[in-house]
Amino acid sequence: MIQAILFDLGGTLDGDGLHWLDRFVALYDDFGTDLPRAVIRGAFDEAEQRAALDDEIASADLARMIALHVRWQLAHLGLKDPKLERHLIDGFIEPVRLAAAANAPLLASLTDRGLKLGVVSNGCGNVEELCADFGYKPYLSVIVDSRRVGLFKPDPAIFVHAAEKLGGVPGAMLMVGDSFERDVRPAKKAGMKTAWLQGAQTVECPEPRLVDVHLRKLADLPIALSSAAVAMT
């Protein structure tokens, strides 16, 4: 029987399966920049690399983190446009805040069912700060930030580490994530049950046998857990 649920953060607990890059691409398009996706991808990747090493971001809340990320993107693109900068920051943060407002009660309801909860994220050192900012921290028994523990997805060892921190066996745990390669595949290899948050778009599953639960949105998780088809004994 499932006794604990682990969640990814970026793309999962801050939304419904929508990758950060896709969010930024949409925001650039909305502003009318007409930048190719590959160019935006280059700026995004540069910002991600800087975020992984930056000392300030390691203690940043959501607002500060996204402000830094956007600043690095625009520096890479050679763009100095305060209106674009504000559009990207506000446009990214608003839906994340809405997701947090919906997901905090969801986590509360799961803990009320006697489940232990945790987060496993490829973070920048500030995953705990973000969980506190989103209102999630009171419901979490463990927060595993890759930068803090020196283990990174898709290494199954980070999931084994989380299981040990929870004090349970991986087979009694469910990992919920939006990335098949970084969440589903390694969590299954670590011996966990898996829930793949696919989002609104139809995506072909690389290996259906590795997925125990398919989710379109995170709000569907309680129903899935109650389903006889996913009793997970």
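Biologist: Where should I start with charge: how far apart are the mean positions of the positive and negative charges of the protein?

Modeller: Lys and Arg count as positive and Asp and Glu as negative, with His and the chain ends not counted. Each charge is placed at NZ of Lys, CZ of Arg, CG of Asp or CD of Glu. Here the 25 positive and 32 negative charges have mean positions 3 Å apart. Keep in mind that this is a predicted model, where local features need pLDDT of at least 70, side-chain atom pairs count only at pLDDT 80 or more, and totals for chains, interfaces and linings use all residues. Residues are numbered from 1 along each chain as its sequence is written, and side-chain values use heavy atoms, leaving out hydrogens and water.

Biologist: Thanks! How many helices and strands are there in the protein?

Modeller: Helices (H or I, at least four residues) and strands (E, at least two) are DSSP runs, numbered from the N terminus. This protein has 10 helices and 6 strands. Its radius of gyration is 18 Å, close to the 17 Å that the globule rule gives for 233 residues, so the protein is as compact as a globular protein of that length. That radius is taken over C-alpha atoms, and the rule is 2.2 Å times the number of residues to the power 0.38.

Biologist: And what share of the residues counts as buried?

Modeller: Buried means under 20% relative accessible area, exposed over 50%, and partly exposed in between (1.4 Å probe, protein chains only). Of the 233 residues, 48% are buried.

Biologist: Which residues have the most contacts inside the largest nonpolar core?

Modeller: Such a core is a set of buried Ala, Val, Leu, Ile, Met, Phe, Trp, Tyr and Cys residues joined through side-chain atoms within 4.5 Å. The largest one has 58 residues, and those with the most contacts inside it are Ile-5, Phe-7, Phe-24, Leu-110, Tyr-136, Val-176 and Leu-221. Helix H5 (residues 82-112) gives the most to this core, with 11 residues. Apart from it lies another core of 15 residues, including Leu-6 and Ile-158.

Biologist: What does Tyr-136 touch?

Modeller: A contact means heavy atoms within 4.5 Å. Not counting residues up to four places away in sequence, Tyr-136 touches several residues, among them Leu-9, Leu-13, Ala-99 and Cys-131.

Biologist: Now the backbone: which peptide bond is cis?

Modeller: The one from Lys-153 to Pro-154, with omega near 10°. Pro-154 lies in the loop between helix H7 (146-149) and helix H8 (157-166).

Biologist: And Asp-34: buried or exposed?

Modeller: Asp-34 counts as exposed, at 70% relative accessibility. Asp-34 also has a positive phi of about 60° although it is not a glycine, and its place is in the loop between helix H2 (20-31) and helix H3 (37-51).
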